[in-house]
Amino acid sequence: TTTQLATSVTDSSHRSPPAVVHPPLAAAPTGKPRHSLAPTRFLFVNGVGPCVGISTEAVRESFGEYGDVDGVDVFDPSMARCVVTMRRVDDAIAAQAATHETCRPDLGDRRLWVRFSSDPNAIEDGEPESAAKQEETWCAATRDSATLGVPGLTLIEDFVTEEEEREMLKCVDSDERWQRLAKRRVLHYGYAFDYGTRDARDETSPMPAFVARLLRRASECGAPGASESATCDQLTVNEYVCGVGIAPHVDTHSAFGPTILSVSLAGRAVMEFRLHEGGEKEPRERRAISMPPRSLLVLHGEARYRWLHYIPHRKRDAIVGEDECETREERRVSFTFRRRREGACECEWPEACDSREGAAQRLKDREGRGLAS
């Protein structure tokens, strides 16, 4: 950080020692930070804060490598988040590019998620708090699974044709067995998912005729774990209206195998992935990917077993590198294919495994997060 040395003279023979004077701090914010698609002086930094032993002064000094820092503000002392106010927009751009998705030794080697924020003081009085909180926590989505950074995840666009999409939707729309949950409708084939036990053991209606063709195609797509697609024996169909999502969860390790397939029809959505470590309440990492209609998402290995995934409850989504948010369609229908597990799970991530009561699993249970999807 640029500092100024101030020396005061008390008499002709004595000088006081130099004192370090920081630039004046910005006024304490009166509002809440909101995600900004355009670069600003304000950086929303997720992953550090006093609650995890990282002081605001440490954050200030770290970001001072890129220019003058006017202030570091913490809005919720219980959360590892803060807003760093740079003096110049160009310095903020440099800081964001250098620190986003990095682990910095001077900040406890914690992985940072850094995005531009609007001026917290500019939020108008009377603006709904829910809107401000929603945009504060947005994670901008990528369109390419190769750049997402979640091992074992593959997105394949245009996996089904428009004609196949119509066929699949017509089939499930004509089914009279839909169940209504709190905010969405669900339908099961092969085996019914039990939302109490988070397992699927009771047989139900057989798989629709189109399933064998889709699973055979998926098994040949080349994605990690996709070769096992043909053995999937359980299908859950979820219908979401615009603005409705699903809470963060991991599909139950003890109930299902190593690969999960999800086909999105009729509408788009963003799926966010969160990585918790050591029982931390706040995620260490957050990544998001946009799923267009007729796409296939394959989760295998770490993406399936270790990362929580969820669909944010909102009507539009921010996309990396794009100025305009993407508006969701009025309806989205997902087809999730899984293979039931026989025997105990022996994955490489026991801390996230319900079979072994890992720390991440105990945290989810304590917070009441569901594991079903």
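This is a predicted model: local features need pLDDT of at least 70, side-chain atom pairs count only at pLDDT 80 or more; totals for chains, interfaces and linings use all residues.
Residues are numbered from 1 along each chain as its sequence is written, and side-chain values use heavy atoms, with hydrogens and water left out.

Let's start with the helices. Helix H4 (residues 162–173) packs against helix H5 (residues 210–219) at an angle of about 135°, and their axes are 11 Å apart. Axes here are lines fitted to C-alpha atoms, for helices over the stretch in contact, and angles run from 0 to 180 degrees between N-to-C directions. Helices (H or I, at least four residues) and strands (E, at least two) are DSSP runs, numbered from the N terminus. The angle makes H4 oblique to H5; angles under 35 degrees count as roughly parallel, over 145 as roughly antiparallel, 65 to 115 as roughly perpendicular and the rest as oblique. On the H4 side, Glu164, Glu167, Met168 and Cys171 meet Phe210, Arg213, Leu214 and Arg217 of H5, where contact means heavy atoms within 4.5 Å.

Now to the strands. Strands of a sheet pair through backbone hydrogen bonds, either parallel or antiparallel. Here, two strands pair if DSSP finds at least two bridges between them.

A hairpin is next. Strands E14 (residues 191–194) and E15 (residues 199–203) pair in the antiparallel sense over three bridges. Aspartate 194 has aspartate 199 in E15 as its bridge partner. Four residues lie between the two strands of this hairpin, and arginine 198 in the turn has a positive phi of about 60°.

Finally, look at glutamate 65, in the loop between helix H1 (56–63) and strand E6 (69–73). Is glutamate 65 buried or exposed? Glutamate 65 is exposed, with a relative accessible area of 52%; buried means under 20%, exposed over 50%, and partly exposed in between (1.4 Å probe, protein chains only). Leaving aside neighbours within four places in sequence, glutamate 65 is in contact with Arg104 and Asp106.
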